[in-house]
Amino acid sequence: MIDIKKDLPEIFEDFAENRQNSFLKVREVKENDNPLIGVFCKFFPQELAIAIDGTAVSLCSTSDETIADAEKDLPRNLCPLIKSSYGFAITDKCPFFYFSDLVVGETTCDGKKKMYEYLAETKPVHVMELPNKQSKEGLVLWEKEIYKMIDVLEEYFGRKITKEKLEEAIKIKNAERTAVKDFYEIMKNDEIPVSGLELWHVLNGITFEFDKRAVPKQLKDLKEKIFSENEKITGKPRILITGCPIGGATEKVIEAVENHGGVVVAYENCGGAKAIDRNVEEDTGDPIRAIAEKYIEIGCACMSPNPNRMDLLNRIVDQYKVDGVIDMHLQACQPFQVESLKIKRFANNEKNIPYISIETDYSQSDIGQINTRVAAFIEMI
Ligand code: SF4
Ligand code: SF4
């Protein structure tokens with residue numbers, strides 16, 4: 001059994017105010033003796049963290065601040081998300097990484113998989129073996145991995161994960177997912193009360209709310225407030241962003257759309273609809289099977305084939321009245337780059353709407369080029 005980490009190291013004292021705020025928030029979690037599980041992927045079943053009265057936090061970093069440090073150990077032509085996350089981990093610049101008692105990885109893409117081997121030199125790391133097919137055999141393997149994960153958590157934190165605890169955790173996470181979905185569905189309207197960038201900030205910010213039970217009320221209040229106070233946006237080309245996880249430095253793509261007359265009405269990426277489209281079935285008598293079934297269905301390009309991404313995109317394009325699709329790829333991300341042809345064919349041939357893919361990284365150097373391409377795309381719509 002381990003001691004829960006609670007103290008803030010001196011290095012954090014110098015940091016900018018907003019970063020300090022997140023340190024303080026995460027420290028509150030630790031002061032209550034709650035385990036913090038650092039995760040890199042939406043496939044980690046967050047219900048497991050809740051079932052040990054802990055919380056899971058995303059360690060996917062989205063800034064280029066630590067990429068130079070990461071490149072001392074990792075190849076330069078690797079996805080910036082992997083380099084940035086690793087860089088924050090080894091430089092102790094990420095409070096979430098610092099305070100994570102255990103880091104959990106999944107065998108998704110090869111770059112991440114191999115990065116975890118180095119990460120394990122600095123932190124306790126457990127890697128869940130994620131099948132790359134959503135088949136019957138895949139589900140059996142994934143369910144076994146969830147049982148294994150439960151054993152690891154129980155032993156590591158000295159807490160028991162019972163069926164009752166899991167059922168309760170499923171209800172908490174379902175309520176949170178339903179509330180987030182209800183919030184972003186405001187973008188289905190013809191007249192919308194927030195820009196895509198504002199929506200993104202809400203979606204991203206809410207993932208750092210560690211009290212999951214508080215989320216539904218917070219979002220309900222926010223929704224009422226923006227509908228009554230904000231001016232409505234209408235008549236602009238409606239854009240869907242899909243592809244690699246977006247946020248942080250890659251908000252430049254959202255800004256390019258909204259600075260050139262469009263509005264981003266939906267995000268299919270992780271952080272948007274992808275991971276929360278489906279809830280876990282409640283009260284089935286077998287909560288582990290129910291959790292396994294929900295999570296394996298996530299339509300990530302690491303799955304082959306990946307029909308669930310197409311299914312979700314199809315529904316989003318219709319429901320949000322999407323006029324154009326932007327597929328955002330991080331440099332050197334093979335799964336999403338190879339899958340892009342399918343998305344292009346789907347958008348152009350099945351939905352009759354324009355599509356562009358944009359490859360980018362976490363630097364500022366391509367902002368001019370992105371603006372030019374996105375402006376031409378919006379003009380064409
Ligand atoms: S895009 Fe895929 S690998 Fe990346 S966080 Fe999402 S589910 Fe995980
Ligand atoms: S963006 Fe692509 S390469 Fe990067 S971690 Fe995700 S799947 Fe892997």
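Predicted model: local features only at pLDDT ≥ 70, side-chain atom pairs only at ≥ 80, totals over all residues.
# A chat about cysteines, ligands and the core

Visitor: Okay, how many disulfides does the structure hold?

Guide: The count is 0. A disulfide is a covalent bond between the sulfur atoms of two cysteines.

Visitor: And Cys 94 itself, buried or exposed?

Guide: Cys 94 counts as buried, because its relative accessibility is 9% and the cut-off for buried is under 20%. Cys 270 is buried too, with a relative accessible area of 19%.

Visitor: Which residues are around ligand 1?

Guide: Cys 270 is one of them.

Visitor: What about ligand 2, which residues are around that?

Guide: Around ligand 2 you'll find the cysteines Cys 79, Cys 109, Cys 244 and Cys 333, along with Ile 82, Lys 112, Pro 245 and Leu 330. This shell divides into 7 nonpolar residues, no polar ones and 1 charged.

Visitor: Changing topic: how many residues does the largest nonpolar core have?

Guide: It has 126 residues, and those with the most contacts inside it are Phe 44, Ile 241 and Ile 326.

Visitor: What does Ile 241 touch?

Guide: Leaving out residues up to four places away in sequence, its partners include Ile 246, Val 253, Ile 254, Val 264, Ile 326 and Met 328.

Visitor: And where is Ile 358 found?

Guide: Ile 358 is in strand β8, residues 355-360. It is buried, with a relative accessible area of 2%. Met 328 is 30 residues from Ile 358 in sequence, but their C-alpha atoms are 5.0 Å apart in space. Beyond four places in sequence, Ile 358 is in contact with Met 328 and Ile 326, among others.

Visitor: Now a lysine. Is Lys 212 buried or exposed?

Guide: Lys 212 counts as buried, at 7% relative accessibility. Its place is in the loop between α9 (196-206) and α10 (215-229).

Visitor: Which side chain does the Lys 212 side chain make a polar contact with?

Guide: That of Glu 176, at 3.4 Å. Lys 212 is also in contact with residues including Gln 46, Ile 50, Thr 55 and Ile 172.

Visitor: What about Thr 122, where does that lie?

Guide: Thr 122 lies in the loop between α6 (110-119) and β4 (125-128), and at 42% relative accessibility it counts as partly exposed. Leaving aside neighbours within four places in sequence, Thr 122 is in contact with Ile 90 and Phe 97.

Visitor: Last topic, the backbone. Which residues does a cis peptide bond join?

Guide: Ser 304 and Pro 305, with omega at about -5°. Pro 305 lies in the loop between α12 (287-296) and α13 (307-319).

Visitor: What is phi of Asp 33 near?

Guide: Phi of Asp 33 is near 65°, a positive value in a residue other than glycine. Asp 33 sits in the loop between α1 (17-31) and β1 (36-39). Ala 332 also has a positive phi, near 70°, and lies in the loop between β7 (324-330) and α14 (334-350). Asp 33 is partly exposed at 36% relative accessibility, and Ala 332 is partly exposed at 38%.

Definitions and conventions. Residues numbered from 1 in each chain as written. Chains lettered and ligands numbered in written order. Heavy atoms only, no water. Near = heavy atom within 4 Å. Nonpolar A, V, L, I, M, F, W, Y, C, P; charged D, E, K, R; others polar. Helix = DSSP H or I, 4+ residues; strand = E, 2+ residues; numbered from the N terminus. Buried < 20%, exposed > 50% of the residue type's maximum accessible area, 1.4 Å probe, protein only. Contact = heavy atoms within 4.5 Å. Polar contact = N/O pair within 3.5 Å; in protein donor to acceptor, adjacent residues only side chain to side chain. Core = buried A, V, L, I, M, F, W, Y, C linked by side-chain atoms within 4.5 Å. Disulfide = S-S within 2.5 Å.
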